[in-house]
Amino acid sequence: MLTVLVTGCNGQLGMELRRLSNDSRCAFCRFLFVDVDVLDICNRPEVHNYMKMNKVDVVVNAAAYTAVDKAETEPGLAFAVNRDGVAVLADCCVENHAFLIHVSTDYVFDGTADMPYKEHDQVNPIGVYGKSKRAGEEEMMAKGVYGMIIRTAWLYSGYGNNFVKTMLRLGSEREQVMVVADQHGTPTWAADLAGAIIEIIVQTDFSKRQGVEVYHYTDEGECTWFEFASSIMRLAGKSCRVLPISTSEYPSSCQRPAYSVLDKTKIKNTFRIDIPQWEDSLRKMLEEIL
Ligand SMILES: NC(=O)c1ccc[n+]([C@@H]2O[C@H](COP(=O)([O-])OP(=O)(O)OC[C@H]3O[C@@H](n4cnc5c(N)ncnc54)[C@H](OP(=O)(O)O)[C@@H]3O)[C@@H](O)[C@H]2O)c1
């Protein structure tokens, strides 16, 4: 039996991992799902004791501070969870001989590229959230833990708050919404990312992996927030008009990368993962929740 601890289990990714953990392919895994009320990833003694007592083999860190705008005024909190919490997990994984699967973000890049970012492209986060997530990556790499960092982007799910849910609400309340049309990325259904993580767990011989490998995972394709919003309204049958605006016209406390499409060649080649197109996944997700 492989004991897999999932932190931040009440978040979007955590909930989707819970749903998939019943899959018959995971029959060899014993999953332990915890969120901050049971296990605060910043609490070193608690994390260490919990992992030791439960003989944890693999940690999937789905816990994070994810409020991108709020992070600008709460840098202390963002760094406490996204940097220091990851450092605690990495140390405890080393002490308990466990493997760490950590999730990071496209916002570690500055968005000045014009082609999909590869894993080893230069990082240069431009907001507090991205900086705190990059600091977490650096902590993990410095600790000598065995593990992987999976960078993802624009997550949405039927659980929690996200762009899709906001658009659905606004689509019912308003006749029109204005959405930025000059930031490019890839919407990613958290269920698809969870499926990829399960696939990685199924395929990986955890006794053989060494060091920290970085992978990129998003759904396939790319679009702007404006195109994403337009698809949401159309697929959900909302008559609300979506109007394109530029980033400079949208009041935001945080600067976001203009282009953060991720290259997924490495994860596809390594784990033979079949990745769905973002709009197909959006359709499936909407069918589930509407
Ligand atoms: N959401 C996106 O668009 C996006 C994009 C790129 C990358 N990512 C990354 O993908 C991962 C999953 O994101 P998500 O959208 O699923 O996040 P999420 O929905 O915000 O869930 C994060 C979970 O972690 C919990 N948490 C916060 N602080 C904690 C702590 N100290 N100890 C334990 N748990 C704690 C949160 O609890 P509370 O709600 O009570 O705080 C929440 O349940 C994160 O690493 C995120 O940075 C997300």
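Guide: This is a predicted model. The elements that cover the buried residues of α1 include β1 (2-7), β2 (29-33), β3, β4, β6 (155-156) and α6.

Visitor: Which residues of α1 are buried?

Guide: A residue is called buried if 20 or more other C-beta atoms lie within 10 Å of its own. In α1 the buried residues are Gln 12, Leu 13, Gly 14, Met 15, Glu 16 and Leu 17.

Visitor: Which residues come nearest to the ligand?

Guide: The shell around the ligand divides into 14 nonpolar, ten polar and three charged residues. There are 27 residues around the ligand, and those that come nearest are Gly 8, Gly 11, Gln 12, Ala 63 and Ala 64.

Visitor: Which elements give two or more residues to that shell?

Guide: Gln 12, a buried residue of α1, is among the residues that come nearest to the ligand. The elements that give two or more residues to the shell are α1 (12-20), α3 (75-95) and β4 (99-105).

Visitor: Asn 10 is in the loop between β1 and α1. What does Asn 10 touch, not counting residues up to four places away in sequence?

Guide: Asn 10 has 16 C-beta neighbours inside 10 Å, so it counts as partly exposed. Its C-alpha atom is 28 Å from that of Asp 205, a residue 195 positions away in sequence. With residues up to four places away left out, Asn 10 touches Met 15 and Asp 35.

Visitor: Is Lys 55 buried or exposed?

Guide: Lys 55 is found in the loop between α2 (44-53) and β3 (58-61). Its phi is near 50°, a positive value in a residue other than glycine. Most residues other than glycine have a negative phi. Because Lys 55 has 12 other C-beta atoms within 10 Å, it is exposed.

Visitor: What is the phi of His 97?

Guide: His 97 lies in the loop between α3 and β4. It has 13 C-beta neighbours inside 10 Å and therefore counts as partly exposed. His 97 is not a glycine, yet its phi is positive, at about 55°.

Visitor: Within what arc do the buried residues of α9 fall?

Guide: The buried residues in α9 are Trp 278, Ser 281, Leu 282 and Met 285. Seen down the helix axis, they line one face, because they fall within an arc of 105°.

Visitor: Which elements do these buried residues pack against?

Guide: One of the buried residues of α9 is Trp 278, and Trp 278 is touched by Cys 223 of the strand β11. The elements that the buried residues of α9 pack against are β9 (188-189), α6 (190-203), β11 (223-224) and α7 (225-235).

Visitor: What does Cys 223 touch, not counting residues up to four places away in sequence?

Guide: Cys 223 has 20 C-beta neighbours inside 10 Å and so counts as buried. Its C-alpha atom is separated by 9.0 Å from that of Val 261, 38 residues apart along the chain. Leaving out residues up to four places away, Cys 223 touches Pro 187, Phe 228 and Trp 278.

Visitor: Where is Tyr 259, and which residues is Tyr 259 in contact with, leaving aside neighbours within four places in sequence?

Guide: Tyr 259 is in the loop between β12 (241-245) and α8 (265-271). It counts as buried because it has 20 C-beta neighbours inside 10 Å. Tyr 259 and Leu 155 are 104 residues apart in sequence, and their C-alpha atoms are 16 Å apart in space. Leaving aside neighbours within four places, Tyr 259 is in contact with Gly 111, Ala 113, Asp 114 and His 184.

Visitor: What is the radius of gyration of the protein chain?

Guide: The chain has nine helices and twelve strands, and its C-alpha atoms fill a box of roughly 55 × 40 × 35 Å along the principal axes. A compact globule of 290 residues would have a radius of gyration near 19 Å. The protein chain agrees with that value, at 19 Å.

Visitor: What share of the contacts with a separation of 6 or more comes from residues 24 or more positions apart?

Guide: Buried residues make up 46% of the 290 residues in the protein chain. Of the contacts in the chain with a separation of 6 or more, the share from residues 24 or more positions apart is 86%.

Conventions: Residues numbered from 1 in each chain as written. Predicted model: local features only at pLDDT ≥ 70, side-chain atom pairs only at ≥ 80, totals over all residues. Near = placed C-beta within 6 Å. Helix = DSSP H or I, 4+ residues; strand = E, 2+ residues; numbered from the N terminus. Nonpolar A, V, L, I, M, F, W, Y, C, P; charged D, E, K, R; others polar. Rg over C-alpha atoms; globule rule 2.2 N^0.38 Å. Contact = placed C-beta atoms within 7 Å. Arc of directions from axis to C-beta.
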